[in-house]
Amino acid sequence: MLAVAPSQAKPDDANANLSVKLAPFSLDRKTIDLSQKAQDNVEEGLTQWFFHCLPEVDIIADKGKKIPGGYSVSVSIHKVRIVVSASVSLYLPVHASPALVAHEQGHVQICKSIYSESALAAQTCGRDLLKRTFVGNAGTQAAANEQATEVARKWFCRKFMALTEDRVQKLSIQYDALTDHGRASIPSSEAVNAVLLGSPAQK
């Protein structure tokens, strides 16, 4: 298991109600048993990545109103605390060729590059979250508050994933196309730089 030293996003001077922390980038190296390849359709090399966001929010709720079957409430977001993390698993056979290792390491570098920008992505999404209100409908006012809060959390995570994990996926598809999954003559490092420079972050 390889971990990069933890870091924290710079304080957001524009809004003291927003906190973003960046957990260590985690890389787990695993071995593929190629004897199982034929029956399990195991690839020779594989890199998997998962970005995680854990937003905690403080809300300000209105008094709500009664609706058939319960209550409807509207909540605004008062404070946001976000912990961002990423875990990457690198699968290679014991006697992997240098070309295969370099290709999969290219996927890892793409993950690291996007993860290095993920605190800023979380800040952007968090600032937008603080400007919004969310509605919850449930049998009780407390349950409606919780539903609205959960809607807010999910809204944040969708926006954050579009700027991080989804972006890694798109860049990796471009990287595989450019390198022909490691079979092309272009060096993996050059291909990584090409897709990163040619594919700006989504807005």
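How many disulfides does the structure hold? The structure holds one disulfide, a term for a pair of cysteine sulfur atoms within 2.5 Å. The model is predicted, so that local features need pLDDT of at least 70 and side-chain atom pairs count only at pLDDT 80 or more, while totals for chains, interfaces and linings use all residues. Residues are numbered from 1 along each chain as its sequence is written, and side-chain values use heavy atoms, with hydrogens and water left out.

**Cysteines**

- The disulfide joins C53 to C157, with an S to S distance of 2.4 Å.
- This bond links distant parts of the chain, 104 residues apart: C53 lies in strand β4 (residues 46–61) and C157 in helix α4. Helices (H or I, at least four residues) and strands (E, at least two) are DSSP runs, numbered from the N terminus.
- C53 counts as buried, at 9% relative accessibility. Buried means under 20% relative accessible area, exposed means over 50%, and partly exposed lies in between (1.4 Å probe, protein chains only).
- The sulfur of C125 is too far for a bond, since the closest cysteine sulfur, in C53, is 8.5 Å away. C125 is buried, with a relative accessible area of 3%.
- C111 is also buried, and its relative accessible area is 0%.

**Aromatic pairs**

- Rings of Phe, Tyr and Trp (its six-membered ring) pair if their centres lie within 6.5 Å; planes under 30 degrees apart count as stacked, over 60 as edge-to-face and the rest as tilted. By this rule there are four aromatic pairs.
- The pair of F25 and Y115 is tilted, because the ring centres are 5.7 Å apart and the planes stand at 50°.
- F25 lies in strand β3 (residues 18–32) and Y115 in helix α2 (residues 98–115), so this pair ties together parts that are 90 residues apart in sequence.
- F25 is buried at 5% relative accessibility, and Y115 is buried with a relative accessible area of 4%.
- F134 and W155 form an edge-to-face pair, with 6.2 Å from centre to centre and 65° between the planes.
- F134 in strand β7 (residues 133–138) and W155 in helix α4 (residues 141–163) are 21 residues apart, and their pair links distant parts of the chain. Both F134 and W155 are buried.
- Ring pairs also link F25, F51 and Y115 into a cluster.

**Nonpolar core**

- A nonpolar core is a set of buried Ala, Val, Leu, Ile, Met, Phe, Trp, Tyr and Cys residues joined through side-chain atoms within 4.5 Å.
- The largest such core has 48 residues, of which I77, V80, I82, L129, F134, F156 and F160 touch the most other members.
- Strand β6 (residues 70–93) gives the most to this core, with 10 residues.
- Leaving aside neighbours within four places in sequence, F160 is in contact with residues including C53, V84 and C125. Contact means heavy atoms within 4.5 Å.

- Among the buried residues of α4 are W155, F156, C157 and F160.
- The buried residues of α4 pack against β4, β6, α2, α3 (118–130), β7 and α5 (165–179).
- T179 lies in helix α5 and counts as buried, at 1% relative accessibility.
- Not counting residues up to four places away in sequence, T179 touches H103, A184, I186 and A191.
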